[in-house]
Amino acid sequence: MEKVNTSYAYKQFEKLCNERKVTPYQVSVGTDGKVSTTVLTQWKNGEYNLKVEKLLMIANFFDVPVTYFIEV
């Protein structure tokens, strides 16, 4: 059975991907490969917690503040 990441940050990432019709591959390419598809898959499966620097790259890709991914 596949694990699912239930973190707020990942839910926000999925929401942005769906709203903007962007794939994790496109995010990886848009970050010049600094956020790899492997990392994104591991994050999705709850096997990896993103470092702040990678989360910032994703925020920049989507042109949202990094706080978008933080539950207050």
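Student: Leaving aside its neighbours within four places in sequence, which residues is Pro-24 in contact with?
Tutor: Bear in mind that we're looking at a predicted model. Pro-24 is found in helix H2, which covers residues 24-30. Once its neighbours within four places in sequence are set aside, the contacts of Pro-24 are with Thr-37 and Leu-40.

Student: Does Pro-24 count as exposed, partly exposed or buried, and why?
Tutor: The number to look at for Pro-24 is its relative accessibility, 36%. Buried would need a value under 20% and exposed one over 50%, with partly exposed in between. At 36%, then, Pro-24 counts as partly exposed.

Student: How far apart in space are Pro-24 and Phe-13, C-alpha to C-alpha?
Tutor: Phe-13 is one of the H1 residues that meet H3, while Pro-24 sits in H2. In sequence, Pro-24 and Phe-13 are eleven residues apart. C-alpha to C-alpha, the gap between Pro-24 and Phe-13 is 9.4 Å.

Student: Now Thr-37. Which residues does Thr-37 contact, leaving aside its neighbours within four places in sequence?
Tutor: Thr-37 is found in helix H3, and it's partly exposed, with a relative accessible area of 33%. The C-alpha atoms of Thr-37 and Tyr-25 are separated by 5.8 Å, though the two are twelve residues apart along the chain. With neighbours within four places left aside, Thr-37 is in contact with Pro-24, Tyr-25 and Ser-28.

Student: At roughly what angle do the axes of H1 and H3 cross?
Tutor: Two packed helices are described by the angle between their axes and the distance between the axes. Here H1 takes in residues 8-20 and H3 residues 37-44, and their axes come within 10 Å. The angle at which the axes of H1 and H3 cross is roughly 120°.

Student: So what do we call the way H1 and H3 lie to each other?
Tutor: Start from the crossing of roughly 120° between H1 and H3. Roughly perpendicular stops at 115 degrees and roughly antiparallel needs over 145, so an angle between those counts as oblique. As for hand, the crossing of H1 and H3 is left-handed. By angle, H1 and H3 are therefore oblique.

Student: Is Thr-31 buried or exposed?
Tutor: Thr-31 lies in the loop between H2 and H3. Its C-alpha atom is 7.3 Å from that of Ile-58, which is 27 residues away along the chain. Not counting residues up to four places away in sequence, Thr-31 touches Met-57 and Phe-61. With a relative accessible area of 6%, Thr-31 is buried.

Student: What is the phi of Asp-32, roughly?
Tutor: Asp-32 is placed in the loop between H2 and H3. This residue is exposed, with a relative accessible area of 65%. Although Asp-32 is not a glycine, its phi is positive, at about 55°.

Student: And what about the phi of Asp-63?
Tutor: Asp-63 lies in the segment after helix H4, which runs 52-62. At 70% relative accessibility, Asp-63 counts as exposed. It isn't a glycine, yet the phi of Asp-63 is positive, about 60°.

Student: What percentage of the 72 residues of the chain count as buried?
Tutor: The C-alpha atoms fill a box of roughly 35 × 30 × 25 Å along the principal axes. Among contacts with a separation of 6 or more, 58% come from residues 24 or more positions apart. Of the 72 residues, the share that count as buried is 35%.

Methods:
Residues numbered from 1 in each chain as written. Predicted model: local features only at pLDDT ≥ 70, side-chain atom pairs only at ≥ 80, totals over all residues. Heavy atoms only, no water. Axes fitted to C-alpha atoms, helices over the stretch in contact; angles between N-to-C directions. Helix = DSSP H or I, 4+ residues; strand = E, 2+ residues; numbered from the N terminus. Parallel < 35°, antiparallel > 145°, perpendicular 65-115°, else oblique. Left-handed = near helix turned anticlockwise from the far one by under 90°. Contact = heavy atoms within 4.5 Å. Buried < 20%, exposed > 50% of the residue type's maximum accessible area, 1.4 Å probe, protein only.
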